[in-house]
Amino acid sequence: MLAEIRGLNEECGVFGIWGHQDASQITYYGLHSLQHRGQEGTGMVVTDGKKLKGIKGEGLVTEIFTADAMKELEGKAAIGHVRYATAGGGGYENVQPLLFNSQSGSLALCHNGNLVNATALKHQLEGQGSIFQTSSDTEVLAHLIKRAGFSSLKDRVKNALSMIKGAYAFLIMTETELMVALDPNGMRPLSLGKIGDAYAVASETCAFDVVGAEYIRDILPGELLIIDDNGFRSEMFAMASNIAMCTMEYVYFSRPDSNINGINVHTARKNLGKQLAFEAPVEGDVVTGVPDSSISVAIGYAEATGIPYEMGLIKNRYVGRTFIQPSQSLREQGVKMKLSPVRGVVEGKRVIMVDDSIVRGTTSRRIVTMLKEAGATEVHVLISSPPIKNPCFYGIDTSTKEELIAGNHSVEEIREIIGADTLTFLSTEGMVKAIGRKDGQCLACFTGQYPTEIYPSTLHPYEKV
């Protein structure tokens with residue numbers, strides 16, 4: 001659906017490369033391919049082997065990395081980041097990568113995820129004299145690295161990583177190496193690729209396709225990968241445990257041309273549609289998906305039922321960023337600007353509207369209303385995931401149960417609120433079966449069973465990187 005106006009936002013995407021003369025240009029295109037993961041701010045740090053230099057700002061990749069800015073970013077390696085800002089988490093200072101300079105050398109780092117013990121660690125570090133410049137969880141790791149009592153950076157990083165809890169994919173760069181780390185639960189996607197003699201890492205494999213890199217493998221849970229001029233080497237900073245890849249990566253966040261742990265996202269979503277057809281056969285005249293993530297699901301449902309798929313909703317891709325705001329009134333207006341029903345397709349028809357999830361219900365209600373105003377005689381809403389009843393503490397923008405419509409209302413009550421003729425959610429078992437992962441996946445927002453310990457400070461509104 002429309003992350004900008006709906007409130008279910010992934011926190012960010014990361015891209016890095018080592019050993020390429022055009023490192024900044026490749027990182028630019030890599031970040032552009034990950035723009036769907038974060039549209040509030042972006043940054044890039046490069047190194048020529050002697051120093052680190054960075055540019056960042058609030059805005060889109062194309063807005064921040066102008067031709068003049070790119071001229072300043074020359075080097076053989078780079079890391080970059082795109083992010084969403086959530087309540088209290090905006091501002092230039094929180095845009096990543098964060099860059100730290102000291103007499104012993106420079107360090108840049110960026111992060112996808114959320115540390116559930118960040119608040120406790122910040123209190124501890126501040127008590128020891130640390131001064132934080134941002135409200136981002138990412139800065140916690142930098143302080144832990146600096147304070148670790150080991151001579152080598154690798155050992156300091158491993159020690160720091162052993163102290164943090166939650167979901168994270170970190171990129172850490174110095175003048176001489178790029179370090180890549182994934183949390184022991186493997187909750188965030190992160191892959192390794194190669195372009196010529198250079199190595200690249202990215203939140204999604206679609207970035208490799210865009211920059212012409214060859215996919216090598218996924219970063220392993222608990223792995224620390226170290227890339228330098230001699231290639232790469234791997235060490236484990238923690239044992240992999242309770243593998244729990246975020247299910248919403250398949251359902252909503254990732255691009256359909258990405259592969260996550262060997263599973264193509266488009267294929268997974270088509271399978272979700274086919275499973276919906278098995279669990280919720282509905283009599284209708286046309287099937288339509290809410291752009292963009294639900295189109296694959298709708299195609300799968302149409303194929304399984306024989307009901308024709310039609311483009312009943314059109315997304316206006318040229319709307320500016322005015323309405324990427326968290327207020328309810330702006331979401332309402334944003335839906336009107338972002339989506340339009342195709343009257344010639346839906347008028348006089350029983351429409352089966354397929355979507356990936358319902359968070360607050362605002363957007364679903366507005367879309368159902370638009371379809372009926374365009375002449376649809378019935379609107380049957382099918383959701384390719386179970387009801388989201390619980391907040392996410394791992395970096396997705398749902399911080400309290402109170403803001404989740406399924407956390408406070410039954411399915412029938414939600415149906416009445418959004419104005420649909422029928423409403424069906426996919427079962428948890430059906431969703432897991434359709435995605436087809438061999439390893440575990442995080443289902444916490446559906447079941448309330450979290451794969452890590454949740455610290456008391458996490459149960460309140462918090463900053464997500």
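Helices (H or I, at least four residues) and strands (E, at least two) are taken here as DSSP runs, numbered from the N terminus. By that count, S258 sits in the loop between α9 (248-253) and β15 (259-260). The model is a predicted one, so to speak of local features takes a pLDDT of at least 70 and side-chain atom pairs count only at pLDDT 80 or more, while totals for chains, interfaces and linings use all residues. Residues are numbered from 1 along each chain as its sequence is written, and side-chain values use heavy atoms, with hydrogens and water left out.

Back to S258. With a relative accessible area of 0%, S258 is buried (buried means under 20% relative accessible area, exposed over 50%, partly exposed in between, with a 1.4 Å probe and protein chains only). Its side chain makes a polar contact with the side chain of E204, at 2.7 Å. A polar contact is a pair of N or O atoms within 3.5 Å; within protein, one must be able to donate a hydrogen and the other to accept it, and residues adjacent in sequence count only if both atoms are side-chain atoms. A polar atom of the S258 side chain also lies 3.3 Å from the backbone nitrogen of C206. Leaving aside neighbours within four places in sequence, S258 is in contact (heavy atoms within 4.5 Å) with E204, T205, C206, I263, N264 and V265.

Next, the charged pairs. Searching the whole structure turns up 20 salt bridges, each being a side-chain nitrogen of Lys or Arg within 4 Å of a carboxyl oxygen of Asp or Glu. In one of them, D292 pairs with K315, and the closest N and O atoms are 3.0 Å apart. This pair links distant parts of the chain, 23 residues apart: D292 is in the loop between β17 (286-289) and α11 (295-305), and K315 is in strand β18 (residues 313-315). D292 is partly exposed at 31% relative accessibility, whereas K315 is buried at 19%.

D68 and K71 form another salt bridge, with 4.0 Å between the closest N and O atoms. Both belong to helix α4 (residues 67-71), three residues apart, or about one turn of the helix. D68 is exposed at 55%, and K71 is exposed at 57%.

R343 bridges to E347 at 3.9 Å between the closest N and O atoms; R343 is partly exposed at 44%, as is E347 at 45%. Elsewhere, salt bridges that share partners join R37, E204 and E249 into one network.
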